[in-house]
Amino acid sequence: MALLSELATEIVIPVCAVIGIAFSLLQWLLVSRVKLTPERQAPTSANKNGYGDYLIEEEEGINDHNVVLKCAEIQSAISEGATSFLFTEYQYVGVFMIAFAILIFLFLGSVEGFSTKSQPCTYDQQKLCKPALATAIFSTASFVLGAVTSVLSGFLGMKIATYANARTTLEARKGVGKAFITAFRSGAVMGFLLAANGLLFLYIAINLFKLYYGDDWEGLFEAITGYGLGGSSMALFGRVGGGIYTKAADVGADLVGKVERNIPEDDPRNPAVIADNVGDNVGDIAGMGSDLFGSYAEASCAALVVASISSFGINHDFTAMCYPLLISSMGILVCLITTLFATDFFEIKAVKEIEPALKKQLIISTILMTVGIAIVSWVALPSSFTIYNFGTQKVVKNWELFLCVCVGLWAGLIIGFVTEYYTSNAYSPVQDVADSCRTGAATNVIFGLALGYKSVIIPIFAIAVSIFVSFSFAAMYGIAVAALGMLSTIATGLAIDAYGPISDNAGGIAEMAGMSHRIRERTDALDAAGNTTAAIGKGFAIGSAALVSLALFGAFVSRSAISTVDVLTPKVFIGLIVGAMLPYWFSAMTMKSVGSAALKMVEEVRRQFNTIPGIMEGLAKPDYATCVKISTDASIKEMIPPGALVMLTPLIVGTFFGVETLSGVLAGSLVSGVQIAISASNTGGAWDNAKKYIEAGASEHARSLGPKGSEPHKAAVIGDTIGDPLKDTSGPSLNILIKLMAVESLVFAPFFATHGGLLFKIF
């Protein structure tokens, strides 16, 4: 028996979730202390150096009322734009959600012809389980719950980011350390809210479903998989819609503003500038939030499904059954301690301490989490148990499961650091790309693509090793908990990730409010560090997606009663080759959407520059609203086809070609999707940072390529513009494609197993 009693488990999980929520509210309170209204302070407080604060304030222009008012005005414009876009998007997505929920109910209900009688269990024919109709009803309910949680995560993240961006700008006047803490704290609000909400809602759903299912845990956890499907399907639309929005604005603003008109980024004279800053919030924050929530929900669901047909489920050992949830609970506590290292234990004094501080977050959380996992494995698991392995039960020891989780956790760290090496301008790969700009944009593009392809090698080996180790120890359950290990420090990962767009926005606001050059330098330094950490976050998301998807694939194969997937049968092979093509088809759609939306944006920005007199002199205000509207309309319209491709493929393949072909499609899309996702994200990140490297001019080498407006710099801007849709639309959406198809196949597996493969049945 496990050391932790069932009662203790039922208390510990919600308590950890509530602690996470409380901590994020505390961080939010601390951020909200920065006031967006101008206030006069009496020059009384003496600074550490003995000088009064007042002199410094005078010099930095802190008492300039107009600057504060201007920041507040810009912030409310960005916040309104983001909120109105998300509301429009959620209206469309809401319609889809209702339609898909009905679809789930009809498909799963029809498995037993909507009968209400108890059926023999899938894995143990002697026992009776609840009818398929119950699975249909509860899967639909958990789908809706997951979808709502996902939408909520994205929306709350966007709210806190738009709340914090101007506050970060204002804090930057006091120094880079203050600004860093504000941006990081607001990132932490999002990270902890998301991790805790995901855990709490899943836990509540399990306990409510238990009231009906009682002892039928197999049916219970099969119905819970809908939660992962809901989370990820919303994330897909958030990611694709947000990604198209942000990049259309970004590309439009860059091409006309920087390349044609030679005005700096985020210049208030550029009509697309508000849309660009709104885009950072709806794409990188709301999209990323939903995406990682989806990964998290699916990893938990995959682990729970496999556990329910292993000894944990058969012996009704609730504590061991909740092992995945206990890991996440421990993760919240670990991340809480880790966050304090960035905000309270150490203070950042200089610009060069920013990136190391963010990297320390990853290392500290990983080391602490290793200890945390050891404790959870020792307390929650019996010393020996069996895990379902394609029809047989495999005996596993608790230390083996501990190793599975750790392998995932450390693989995540390795992927994070490799990504950082290839995308940070502190290292040679990006500097080489910047150097290649001497001879124009073409060589820049060639070098950038090569860098992206090369950056795939080590992450793939890391994923391969973790798959091999975890599968050898604990079959499919091992892979599911390895994915959870990678996501266990999700609160810290998200905090680091959300920090990027927040500081990006802060820089934009500083430029638009006409603040001094020194402040812009500080926000640029925050932003450059944020760019790299965003790439690290994407690396995590892709790595965890690969593991999650494989775990879901295993659960799907078990559920649809296939003993082996044989590549040499034509049914499977055609699935494999078509599956490998899907990420390309999907990327083509998203890239083209960004291109056509950017085209409209460029035309509109050019039109305003040419027809509104006095824009360039700063006498007339550009029409920001039209640009925001172009981005909104384009992204809503363009997110439907890629979304439909991903959501319909498993249904069509499973219904007409059956489970073997579908298993081929899943394997193919997983194998090719991971490669494209990693290379696209890293290529885009490298081009972006090569441009920033030339702009910052921090080294002798960088100064020889610059200044802004030089030929090498223009080549770098072109590379950055090409990389935008790669790193923020196609790349990050691909990991959702991989997971979503797998989880959808798992949810519909009962239907495919009984009624699937119509074409092969006819012939």
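Salt bridges, a hairpin and one threonine

Mentor: The count comes to 28 salt bridges, a salt bridge being a side-chain nitrogen of Lys or Arg within 4 Å of a carboxyl oxygen of Asp or Glu. This is a predicted model, in which local features need pLDDT of at least 70 and side-chain atom pairs count only at pLDDT 80 or more, while totals for chains, interfaces and linings use all residues. Residues are numbered from 1 along each chain as its sequence is written, and side-chain values use heavy atoms, with hydrogens and water left out.

Trainee: OK, which residue does aspartate 267 form a salt bridge with?

Mentor: Its partner is arginine 269, and the closest N and O atoms are 3.0 Å apart.

Trainee: And aspartate 250, what does that one meet in a salt bridge?

Mentor: The side chain of aspartate 250 meets that of lysine 247, at 3.0 Å from N to O. Both residues lie in helix H6 (residues 217–260), three residues apart, which is about one turn of the helix; helices here are DSSP runs of H or I with at least four residues, and strands are runs of E with at least two, numbered from the N terminus.

Trainee: Is lysine 247 buried or exposed?

Mentor: Lysine 247 counts as buried because its relative accessibility is 2%, where buried means under 20% relative accessible area, exposed over 50%, and partly exposed in between (1.4 Å probe, protein chains only). Aspartate 250 also counts as buried, at 9%.

Trainee: What about aspartate 291, which residue is its partner?

Mentor: Aspartate 291 forms a salt bridge with lysine 739, with the closest N and O atoms 2.9 Å apart. This pair links distant parts of the chain, since aspartate 291 is in helix H7 (residues 273–308) and lysine 739 is in helix H22 (residues 711–755), 448 residues apart. Aspartate 291 and lysine 739 are both buried.

Trainee: Switching topic: how many bridges pair E3 with E4?

Mentor: Strand E3 (residues 384–389) and strand E4 (residues 392–397) pair in the antiparallel sense over six bridges, and two strands pair if DSSP finds at least two bridges between them. Threonine 386 has valine 395 in E4 as its bridge partner. The hairpin has two residues between the strands, and phenylalanine 390 takes a positive phi near 45° there.

Trainee: Last one, where is threonine 533?

Mentor: Threonine 533 is in helix H17 (residues 517–559) and is buried, with a relative accessible area of 5%. Leaving aside neighbours within four places in sequence, threonine 533 is in contact (heavy atoms within 4.5 Å) with Leu358, Ile496, Asp497 and Tyr499.
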